[in-house]
Amino acid sequence: MSEKYALIWRKSIYDNEFRCTKCGAKLMRPGGRLGRAQILPEHNVICADCGYHVAVIRPYDGPLEPGETGGEWINEEGGELDD
């Protein structure tokens, strides 16, 4: 069985309908496809227009189906990141 991954957005990005809170770029397109979001090494996601760190990709073993919300924006040590 393959490992599942989750795209965990900053709360400010999620609350802003997946638009970058720094420059306004649309990060997601209809159907859950990435818009101006760019995946970098080490599972970081940035806005391709301004470089703002907008999400992380983490292994996930929870019950949610793709497209549902879940998870928290946390740092490597387990504490919440500033949003």
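Predicted model: local features only at pLDDT ≥ 70, side-chain atom pairs only at ≥ 80, totals over all residues.
Visitor: In what order do the elements of the protein chain run from the N terminus on?
Guide: Helices (H or I, at least four residues) and strands (E, at least two) are DSSP runs, numbered from the N terminus. By that assignment the protein chain has 1 helix and 6 strands. From the N terminus on, the order of elements is β-α-β-β-β-β-β.

Visitor: Which residue in β5 is the bridge partner of Ala37?
Guide: Strands of a sheet pair through backbone hydrogen bonds, either parallel or antiparallel. Here β4 and β5 run antiparallel and are joined by 4 bridges. The partner of Ala37 in β5 is Cys47.

Visitor: How many disulfides does a search of the whole structure find?
Guide: A disulfide is a pair of cysteine sulfur atoms within 2.5 Å, and the search of the whole structure returns 0 disulfides. Cys20 is in none, the nearest cysteine sulfur being that of Cys50 at 3.6 Å. Cys47 is likewise in no disulfide, with the sulfur of Cys23 as its nearest cysteine sulfur, 3.6 Å away. The number found is therefore 0, given the 2.5 Å cut-off.

Visitor: Is Cys47 buried or exposed?
Guide: Buried means under 20% relative accessible area, exposed over 50%, and partly exposed in between (1.4 Å probe, protein chains only). Cys20, at 2% relative accessibility, counts as buried. The relative accessible area of Cys47 is 1%, so Cys47 is buried.

Visitor: With which residue does the side chain of Arg10 make a polar contact of 3.5 Å?
Guide: Arg10 has its place in the loop between β1 (5–9) and α1 (11–15), and at 10% relative accessibility Arg10 counts as buried. A polar contact is a pair of N or O atoms within 3.5 Å; within protein, one must be able to donate a hydrogen and the other to accept it, and residues adjacent in sequence count only if both atoms are side-chain atoms. The side chain joined to that of Arg10 by a polar contact of 3.5 Å belongs to Tyr52.

Visitor: What is the relative accessible area of Gly51?
Guide: Gly51 is found in the loop between β5 (44–47) and β6 (53–59). From C-alpha to C-alpha, Gly51 and Ala37 are 9.3 Å apart in space and 14 residues apart in sequence. Gly51 is partly exposed, its relative accessible area being 42%.

Visitor: Near what value is the phi of Glu42?
Guide: Most residues other than glycine have a negative phi. Phe18, in the loop between α1 and β2 (28–29), has a positive phi near 60°. Glu42 lies in the loop between β4 and β5 and is exposed, with a relative accessible area of 68%. The phi of Glu42 is positive, near 65°.

Conventions
Residues numbered from 1 in each chain as written. Heavy atoms only, no water. Pairing = 2+ DSSP bridges.
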